[in-house]
Amino acid sequence: MPDSAKRPYSSPLRAESARRTRLLVRDAAARLFTERGYVSTTVRNVAEAAGVSTRTVFTVFPGGKAELFHQALHAAIQGETDAARGARTPRDGDPVERILEQMVGYSTDVLERAGTLMATSIESSGADEDMRRFADEGARASAENAMTLAEGLAAHELLRPEISVQRAADVLFTVVSPQVYSMLRVQCGWDVDEYRNWVKATIRAGLLY
């Protein structure tokens with residue numbers, strides 16, 4: 001059979017092996033970025049932690065360290081399904097508490113998975129251009145999300161009269177930030193329930209009826 005007529009060989013086992021290698025490298029990178037910081041972590045460090053060659057790391061992540069961080073952060077943020085999150089939302093009782101539980105529960109879940117990586121990008125933003133870009137993008141996304149939540153609270157007439165939508169957005173942006181999360185959960189050693197309850201109490205006391 002002429003070479004031009006041959007079909008390219010595709011092995012499900014090979015594809016699965018490549019997928020597992022990619023996940024192995026990505027997860028090793030996430031651990032090192034969290035433990036050592038972005039600037040101090042090299043591609044060689046990641047390769048050694050994953051048990052692969054440096055060449056393999058660049059094969060599965062051609063963009064190198066910046067792509068590794070982006071993929072690790074994206075995976076952490078997207079890690080939980082909407083169904084699992086919704087299952088924890090209380091269905092009865094105070095409607096304000098239901099809204100707070102849904103808002104704070106979601107943000108806490110994201111920070112539990114991705115907060116340390118978010119903090120890493122912020123801490124490294126002064127020393128690395130890629131980290132500065134990640135930190136700026138994260139801040140913009142967080143500000144937009146806070147404004148959406150504030151507008152939702154206003155639409156449900158839950159904000160106190162003296163609290164503007166912009167002020168509510170500013171408070172939400174600050175209270176659920178990776179910086180505050182890191183200070184309370186990591187530096188102060190609060191457990192996740194203490195953190196979650198504090199965020200709910202702070203939002204209720206500072207913004208709501």
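This is a predicted model: local features need pLDDT of at least 70, side-chain atom pairs count only at pLDDT 80 or more; totals for chains, interfaces and linings use all residues.
Residues are numbered from 1 along each chain as its sequence is written, and side-chain values use heavy atoms, with hydrogens and water left out.

The structure holds 6 aromatic pairs, counted when ring centres of Phe, Tyr or Trp (its six-membered ring) lie within 6.5 Å, with planes under 30 degrees apart called stacked, over 60 edge-to-face and the rest tilted. In the pair of F69 and F134 the centres are 5.4 Å apart and the planes stand at 35 degrees, so this pair is tilted. F69 belongs to helix α4 and F134 to helix α7, so the pair ties together parts that are 65 residues apart in sequence; helices here are DSSP runs of H or I with at least four residues, strands are runs of E with at least two, and both are numbered from the N terminus. Ring pairs also link F33, Y38, F69 and F134 into a cluster.

Two charged side chains accompany these rings. The charged end of K65 sits over the ring of Y38, 4.4 Å from its centre, and R133 lies over the face of F134, at 4.8 Å from the ring centre; the criterion is NZ of Lys or CZ of Arg within 6 Å of the ring centre and within 35 degrees of the ring normal.

As for the fold, the protein chain has 10 helices and 0 strands, and buried residues make up 35% of its 209 residues. Of the contacts with a separation of 6 or more, 64% come from residues 24 or more positions apart, a contact being heavy atoms within 4.5 Å.

Finally, which residues lie nearest the centre of the largest pocket? They are M118, G138, A141, S142 and P178, out of a lining of 31 residues, where a pocket is an open set of points on a 1 Å grid over the protein atoms alone, reached by a 1.4 Å probe, with protein on both sides within 12 Å along at least five of seven lines, and lining residues have an atom within 4 Å of a point. Helix α7 gives the most to that lining, with 10 residues.

Methods:
Buried means under 20% relative accessible area, exposed over 50%, partly exposed in between (1.4 Å probe, protein chains only).
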